[in-house]
Amino acid sequence: MAAKQPPPLMKKHSQTDLVSRLKTRKILGVGGEDDEGEVHRSKISQVLGNEIKFALREPLGLRVWQLVSAVMFSGVAIMALAFPDQLFDAIYEEESVSSKTPIRLYGGALLSIALILWNALYTTEKAIIRWSLLAEACYFAVQFVVTTVSLVDSSRIATGAVLLLTSRALFILVSIYYYYQVGRRPKKV
């Protein structure tokens, strides 16, 4: 007994019809605005996310701040690794420290943060930029608290330490400012 042949496939012409295509896109949820005001051209961009709008609307000075931060972290890290005595003397204006190991470990940690900041400089993804800014702000906040506590314990106020505290407070404010600016939703036009 011979197998029954299926009927020949007939080409549907409904996809060429504009109204039919629009109905199909509406059913798929593609082409219209979502809750955040983004228009997705395909289901893939809708699922994966679309960062194109952010690339056009970066906060003014963000990339300059990222570059300055990466250079600053790298410079202090190299100084802590290569010249630990000079770094300690510049901040606390005291004789050399008894052990160079903690300062070199500090330099290694700073170098790790610097690598993260260098990589964040070359990305356009909001989440990575925000996390790097948050890590930077947290580092500056911890350093501010630790330096303040150590100055209070020693009951000596060094000019370098006061300058460090002032600069760290400024760096915290700038990092948090950019953190919130990057996270803002674009205004609907």
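A crossing is left-handed if the near helix is turned anticlockwise from the far one by less than a right angle, and right-handed if clockwise. The model is predicted, so local features need pLDDT of at least 70 and side-chain atom pairs count only at pLDDT 80 or more, while totals for chains, interfaces and linings use all residues. Residues are numbered from 1 along each chain as its sequence is written, and side-chain values use heavy atoms, with hydrogens and water left out.

**Exercise 1. State how many helices and strands the chain has.**

Step 1. Helices (H or I, at least four residues) and strands (E, at least two) are DSSP runs, numbered from the N terminus.
Step 2. On this basis the chain has eight helices and zero strands.
Step 3. Of its 189 residues, 28% count as buried; buried means under 20% relative accessible area, exposed over 50%, and partly exposed in between (1.4 Å probe, protein chains only).

**Exercise 2. Describe how helix H6 packs against helix H7.**

Step 1. Two packed helices are described by the angle between their axes and the distance between the axes. Axes are lines fitted to C-alpha atoms, for helices over the stretch in contact, and angles run from 0 to 180 degrees between N-to-C directions.
Step 2. The axes of H6 (residues 101–121) and H7 (residues 126–154) come within 9 Å and cross at roughly 155°.
Step 3. H6 is therefore roughly antiparallel to H7. Angles over 145 degrees count as roughly antiparallel, under 35 as roughly parallel, 65 to 115 as roughly perpendicular, and the rest as oblique.
Step 4. The crossing of H6 past H7 is left-handed.
Step 5. Contact means heavy atoms within 4.5 Å. Among the residues that make this contact are Leu-110, Ile-113 and Leu-117 of H6, and Ile-129, Ser-132 and Glu-136 of H7.
Step 6. By class, the contact of H6 with H7 has nine nonpolar, two polar and one charged residues. Here Ala, Val, Leu, Ile, Met, Phe, Trp, Tyr, Cys and Pro count as nonpolar, Asp, Glu, Lys and Arg as charged, and the others, Gly among them, as polar.

**Exercise 3. Identify the two salt bridges.**

Step 1. A salt bridge is a side-chain nitrogen of Lys or Arg within 4 Å of a carboxyl oxygen of Asp or Glu.
Step 2. Arg-63 is partly exposed at 22%, and Glu-58 is partly exposed at 27%.
Step 3. Asp-85 forms a salt bridge with Lys-100, the closest N and O atoms being 3.4 Å apart. Asp-85 lies in helix H5 (residues 84–92) and Lys-100 in the loop between H5 and H6, so the pair ties together parts that are 15 residues apart in sequence.
Step 4. Asp-85 counts as buried at 19%, whereas Lys-100 is partly exposed at 36%.
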